[in-house]
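Here is a briefing on a structure with its sequence. Look at both first, then read the notes by topic.

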Amino acid sequence: MIEMPVVDQEKCNGCGLCISVCYCNALILAGNVVTIVETEECGWCTECEAVCPTGAITCPFEIVVEPRRD
Amino acid sequence: MAVDVAFLKSIPYFSRLSRDELDLVQKLIFEKKVERGDIIVLEGEPAEAVYFVGSGAVKTFRTSVDGKEQVLKIVRPGESFNDVAIFDSGPNLASARAMGPAIVYGILQRDLHAFLQEHPQIALNVANVLAAQLRHLASLVDDLSFRPVVSRVAKILLEYAGNGAGPSQRLTQQDMAAIVGTVREVVGRSLKALETDGVIRMDRYRIVITDREALEDIAGVS
């Protein structure tokens, strides 16, 4: 499974702004809400999250510490 | 293609106009189709027109002498950009770039000035729009002047870093901004700065802390 942005479909108003800024075709409008299409092309640019007027799409980060190579 | 009159009515500038007056505005509007990355307005150039986003999204930003960009606003359908330069006749205050395919509608400065003189009732609407933009910029100034934001972001990364034993709590940039007391755009710049310094690495959905000691120095917790 590829990690992808998360859409809260209850908050999504179907404006499609996220789709217009996505350069990897990871988002489509299905019915009146946005749905994610899994793709390795998604570079986690977070532009979809930035442009969404309702906060429906989020790109959460996992924070990890790289093990030291001693 | 002529802009839809119903769309014009929805723009705050023109909400008080009658149908006949909107028809006059429609004649002054020109349409511009842009693709992702197209620069619509360049900071510092002589101002030519005010623009309204019809579809898609536009990012307005200022650029420092060393090429760093500070995002001012994401402009969505129905909203305007390049307003200030049109009314004070100075150069463009910021650059504007299309975030994806977009359609924007513009009115030339001379046409808007002439229309305002003939229809002064839109002056209050214009003042409201400018006042809202000023509030937004004042808030951004507050956020940018809290120093050092980078060290507070560094502290957040250390606090929320997982130990690799299992899934850790995930944070969006908006979450980090809310915790730190700033805006999303400033968090984004802070993360870029930390990555440029080699302290973290952005790996798609993972923020990897590559130099924990250096990050602790920046956070002021070492």
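B:Phe52 stands opposite B:Ser80 in strand 6 of chain B. Strands here are DSSP runs of E with at least two residues, helices are DSSP runs of H or I with at least four, and both are numbered from the N terminus. This is a predicted model, in which local features need pLDDT of at least 70, side-chain atom pairs count only at pLDDT 80 or more, and totals for chains, interfaces and linings use all residues. Residues are numbered from 1 along each chain as its sequence is written, while chains are lettered from A and ligands numbered from 1 in the order in which they are written.

**The sheet of chain B**

- Strand 3 (residues 49-55) of chain B and strand 6 of chain B pair in the antiparallel sense over two bridges. Two strands count as paired if DSSP finds at least two bridges between them.
- Strand 3 of chain B also pairs with strand 8 of chain B, again antiparallel, over six bridges. In strand 8 of chain B, B:Ile103 is the residue opposite B:Ser55.
- These pairings belong to an open sheet of four strands in chain B, with the order 1-8-3-6 and antiparallel pairing. Its edge strands are strand 1 (30-34) and strand 6 (80-81) of chain B, and each pairs on one side only.
- Why is strand 3 of chain B largely enclosed by the rest of the structure? Five of its seven residues are buried. A residue is buried if 20 or more other C-beta atoms lie within 10 Å of its own, exposed if 12 or fewer, and partly exposed in between, with C-beta atoms placed from the backbone.

**Helices of chain B**

- Helix 4 (residues 109-118) of chain B lies across strand 3 and strand 8 (102-108) of chain B. The angle between helix 4 and strand 8 of chain B is about 60°. Axes are lines fitted to C-alpha atoms, for helices over the stretch in contact, and angles run from 0 to 180 degrees between N-to-C directions.
- The axes of helix 6 (residues 149-160) and helix 8 (residues 184-196) of chain B come within 9 Å and cross at roughly 80°. That makes helix 6 of chain B roughly perpendicular to helix 8 of chain B (65 to 115 degrees; under 35 is roughly parallel, over 145 roughly antiparallel, the rest oblique).
- In this contact, helix 6 of chain B supplies B:Val149, B:Val150, B:Val153 and B:Ala154. Among their partners in helix 8 of chain B are B:Val186, B:Ser190 and B:Leu194. Residues are in contact if their C-beta atoms, placed from the backbone, lie within 7 Å.
- The residues of this helix contact divide into nine nonpolar, one polar and no charged. Ala, Val, Leu, Ile, Met, Phe, Trp, Tyr, Cys and Pro count as nonpolar, Asp, Glu, Lys and Arg as charged, and the others, Gly among them, as polar.

**Chain A**

- Chain A has two helices and five strands. Along the sequence, the pattern is β-α-β-β-α-β-β.
- The C-alpha atoms of chain A fill a box of roughly 55 × 20 × 20 Å along the principal axes.
- Of the 70 residues of chain A, 34% count as buried.

**Where the chains meet**

- The contact takes 28 residues from chain B and 22 residues from chain A. Strand 10 (206-209) of chain B gives the most to the chain B side, with four residues.
- The chain B side divides into 13 nonpolar, eight polar and seven charged residues.
- Strand 5 (residues 62-65) of chain A runs parallel to strand 10 of chain B, joined by four bridges. A:Val65 stands opposite B:Ile209.

Note on methods
Two residues are in contact if their C-beta atoms, placed from the backbone, lie within 7 Å.
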